[in-house]
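Reader: I'm new to this one. Could you walk me through how to read it?

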Amino acid sequence: MNDNQRSILLESSSRFPPPPGVKLSYGTSGFRADASVLQSTVFRVGILAALRSLKTQSVIGLMITASHNKVSDNGVKIADPSGGMLSQDWEPFADALADAPDSQRLLQLVDDFVKKENILLEGAQSAEILLGRDTRPSGESLLEAAKQGINSIAGAVAVDMGVLTTPQLHWMVRARNKSMKATELEYFEQLSNSFRCLIDLIPQGSAVNKINDKLIVDGANGVGGEKLELLNKILNGLDIEIRNSGKQGVLNEGVGADYVQKEKVVPCKFGPADVGIRCASLDGDADRLVYFSVLSNANNKIDLVDGDKILSLFALFIEEQLNTLNKCDRDTENKCYWPTLGVVQTAYANGASTDYLKHSGLEVVFTKTGVKYLHEKAAEYDIGIYFEANGHGTILFSEGFLHWLDGRNSELASTSKGSEQQKAALRLLAVSKLINQAVGDALSGLLLVEAILQHMGWSIHRWNDLYHDLPSRQLKVKVVDRTAIVTENAETVVVSPPGIQEAIDAETAKYPRGRCFVRPSGTEDVVRVYAEAATQEAADNLANSVAQLMDQFLGGGT
Ligand SMILES: CC(=O)N[C@H]1[C@@H](OP(=O)(O)O)O[C@H](CO)[C@@H](O)[C@@H]1O
Ligand SMILES: [Mg+2]
């Protein structure tokens, strides 16, 4: 950096002093905290985004959201050139920047990093960062802080894309880096066109359940509800009613995918009148999706259709299309190609889902919690399907496979246009356009679920009957220092402090079909306990006794 650049950075950073005593880390999905302490962090992430853009010579995204957390929280995360999460090797720099105690130290860090990464700050280099935010009231001023961070790096330009869902911003970053148009309208058009394509390809006579064809969506009082209202206007072939779209009601309060999945009760504005109707819930930034149906006479209880079941539905559909496409007759014998197909889950996946997927002949692998890990693993396959139980996931298609599929489709179009094989190729191509290739996306996921249910002629109940979840319980435990817990094996085993894993094993062994693990949350200051067992009571008891163990080993926090 030259002297001029140094003094610009010093001057601007002195306007964003870090709050004393706050230490943040770039966790499972960026920095998150109470919005009142985030100005300095977001300013510094602006700097990071600018450097990332200069380094990669690509468009970068910066999203201000705290997803499903309470409305007074906020957060910030970076979208890399591919539209995925920030490369993990830059996370330590993100942590160091956020924690720099003063402007001088910040300047030093930036200077050193720029040298180490060979980032050119002089000359004709330019950087472009797309900014998005969810509907939180703190979003606007945090976005301003991000802009100032970006503007303090020479050649960097911030483009405010306004209020967006997280997946929309990731989609736009990806599209821009592929030299495609990347406005919200293009996003909506791509989704609605590929959805239409799947609907038009539904086999004649599919027993679409007309009585059941209405869908009610809980928008979490956030950006997802707003955007779905816009998308709904250009969709046809779907009857969607949107509730909790954000006009009244508090973001994520008694609503949204996280609440519905964890509490297993109806969100606000849903009740007995909705029994039997297919319902879905988005989270606060619309990157998670779960379905549910309201149980009759059951005190607001629901039948939850979670991310694991969405994953299973997607996997079934993809397999069906691959089988049809590759139905070899003498003519096509040499033209079959079996892509590698992998399913990626975390330890939070219900054990019954994993059994079901394995019995269906699918390859199932596990990663640590956090989309960045699942996404990375899924990208190793020609077709990688990943979902967290909480409803975050997508299907990734490799460039190589899509290239082959395009060619095969053209070939089939000339030799056997309209054949079942060609339709299968067209369906797979449509899925690759509909489902967000950058990150899990509740809106595109919802359209794919709806298209597949219509294709299969399935009600939500038929879908839910694919397998039956094992009863489970999740608890949060406040401890003095959650980072004391170190895990291995996709977070299923605690290796430190010593003795904890043995104690968990001894508890788990008491319960038929018992499974239990603990890990420090990446987004909240808690240790999470997950337990599964043959009955709900047993799962509850196992979770409670392991929560007590956490207290004993780690000391209760305040
Ligand atoms: C058990 C659980 O739901 N954990 C969530 C939660 O992470 P934690 O690290 O568990 O706080 O938020 C992440 C970001 O949204 C999401 O990826 C993850 O699945
Ligand atoms: Mg989210």
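**Ligand, domains and helix packing**

Author: Let's begin at the ligand: 15 residues surround ligand 1, and the closest are Thr28, Ser29, Ser521, Gly522 and Thr523. A residue is near a molecule or strand if its C-beta atom, placed from the backbone, lies within 6 Å of it. Keep in mind that this is a predicted model, where local features need pLDDT of at least 70, side-chain atom pairs count only at pLDDT 80 or more, and totals for chains, interfaces and linings use all residues. Residues are numbered from 1 along each chain as its sequence is written, while chains are lettered from A and ligands numbered from 1 in the order in which they are written.

Reader: How does the shell around ligand 1 divide into nonpolar, polar and charged residues?

Author: Ala, Val, Leu, Ile, Met, Phe, Trp, Tyr, Cys and Pro count as nonpolar, Asp, Glu, Lys and Arg as charged, and the others, Gly among them, as polar. Here, the shell has 10 polar, three charged and two nonpolar residues.

Reader: Which domains does the assignment give?

Author: Domain bounds come from an automatic or database domain assignment. For this protein they are domain 1 (3-163), domain 2 (180-469) and domain 3 (472-554). The centres of domain 1 and domain 3, taken over C-alpha atoms, are 34 Å apart.

Reader: What angle do helix α17 and helix α18 make?

Author: Helices (H or I, at least four residues) and strands (E, at least two) are DSSP runs, numbered from the N terminus. Axes are lines fitted to C-alpha atoms, for helices over the stretch in contact, and angles run from 0 to 180 degrees between N-to-C directions. For α17 (residues 500-508) and α18 (residues 536-554), the angle is about 160°, with the axes 10 Å apart. So α17 is roughly antiparallel to α18. On the wording, angles under 35 degrees count as roughly parallel, over 145 as roughly antiparallel, 65 to 115 as roughly perpendicular and the rest as oblique.

Reader: Which residues make that contact?

Author: Two residues are in contact if their C-beta atoms, placed from the backbone, lie within 7 Å. On α17 they are Ile500, Ala503, Ile504, Glu507 and Thr508, and on α18 Leu542, Ser545, Val546, Leu549 and Phe553. By class, that contact of α17 with α18 has seven nonpolar, two polar and one charged residues.

Reader: Where is Ser67 found?

Author: Ser67 is in the loop between β2 (59-64) and β3 (73-79). Its phi is near 50°, a positive value in a residue other than glycine.

Reader: How do α10 and α14 pack?

Author: Helix α10 (residues 307-325) packs on helix α14 (residues 420-434) at about 140°, with axes 8 Å apart. That makes α10 oblique to α14. Gln321, Thr324 and Leu325 of α10 meet residues of α14 including Glu420 and Arg427.

Reader: What about α7 and α14?

Author: The axes of helix α7 (residues 184-200) and α14 come within 8 Å and cross at roughly 155°. Therefore α7 and α14 are roughly antiparallel to each other. Among the contact residues are Leu191 and Phe195 of α7, with Ala430 and Leu434 of α14.
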